[in-house]
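Please look over the sequence and the structure shown below before reading the report that follows.

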Amino acid sequence: MATTPLSVNLNPMVKAKNGLPSKVLDKAVKILQEEKSKLENELSKFTKKNTRVSGDFDSTFPEYGDKEDENAAEVADYVARLPLEHSLENQLRDVNQALERIKKGTYGICKYCKKPIKEDRILARPTSSACVSCKKAITQEL
Ligand SMILES: [Zn+2]
C-alpha cells in the first residue's frame, strides 16, 4: 500500500497554528497535493527516484537502439529533458516545503515579517512562503 506521509488528516491543533482559516488551508492542501501527484507523475515518465537523496530524481537514459543515429537521438533526448527535470524537481520541492510548513503550523505566515500572507495570494500561489510586500522588497534587492 502506498503511504502518503502528508495527508489531509491534519488534526485541529495543527490547523489552529497556521495563519489561515481552515477553509482556506483545506483548499491550499488540496491544490498542493494535486500538484504534488501531478509533478511526481510527470517526473516518473522519464526519471527514477534517487533513493539516496529525498526529492531528487535521476533522468533515465533512453534506449532506442544501437545504431549510430539511434545513439545520437538517445543523447539528444536525454540532454533535452534535463532542464524539464530540474524545473519539475524545483516545483516539487516548493510543494513539499509548503506541505511541510502546513505540518509544522507555519504555513500562511510570511517567513520574513511573520505576518499572515493574504488568502488570495495563498490560493493563487499555494507555495508562497512570503507576503507580497516582502517578496517585492527582496526582488528589488536582487
Ligand atoms: Zn512579509
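## Helix packing

Helix α2 and helix α3 (residues 68-104) pack with their axes 9 Å apart and at an angle of about 150°, where axes are lines fitted to C-alpha atoms, for helices over the stretch in contact, and angles run from 0 to 180 degrees between N-to-C directions. The two helices are therefore roughly antiparallel, a term used for angles over 145 degrees. The crossing of α2 and α3 is left-handed, meaning that the near helix is turned anticlockwise from the far one by less than a right angle.

## Basis and confidence

This is a predicted model, in which local features need pLDDT of at least 70 and side-chain atom pairs count only at pLDDT 80 or more, while totals for chains, interfaces and linings use all residues. Residues are numbered from 1 along each chain as its sequence is written, and side-chain values use heavy atoms, with hydrogens and water left out.

The protein chain has a mean pLDDT (the predictor's confidence in each residue, from 0 to 100) of 86, and 87% of its residues reach 70 or more. Confidence in the chain is highest in helix α2 (residues 22-44), at a mean of 95, and lowest in helix α1 (residues 12-17), at 52. Where pLDDT is low, the predicted coordinates should not be read in detail.

## The zinc site

The zinc ion has as protein donors (N, O and S atoms within 2.8 Å of the metal) the SG atoms of C110, C113, C131 and C134, which lie 2.3 Å from it. Along the chain, these donors follow the spacing C-x2-C-x17-C-x2-C. The arrangement is tetrahedral because the 4 donor atoms subtend angles of 105 to 116° around the zinc ion, the criterion for four donors being that all angles lie between 85 and 135 degrees.

C110 is buried, at 0% relative accessible area, whereas C113 is partly exposed, at 28%; buried means under 20%, exposed over 50% and partly exposed in between, with a 1.4 Å probe and protein chains only.

Key: Donors are N, O and S atoms within 2.8 Å of the metal (3.2 Å for Na, K and Ca); water is not among the atoms, so sites may look incomplete. Four donors count as tetrahedral if all angles lie between 85 and 135 degrees; four count as square planar and six as octahedral if opposite donors are over 155 degrees apart and all others between 65 and 115; anything else is irregular. Helices (H or I, at least four residues) and strands (E, at least two) are DSSP runs, numbered from the N terminus. Angles under 35 degrees count as roughly parallel, over 145 as roughly antiparallel, 65 to 115 as roughly perpendicular and the rest as oblique.
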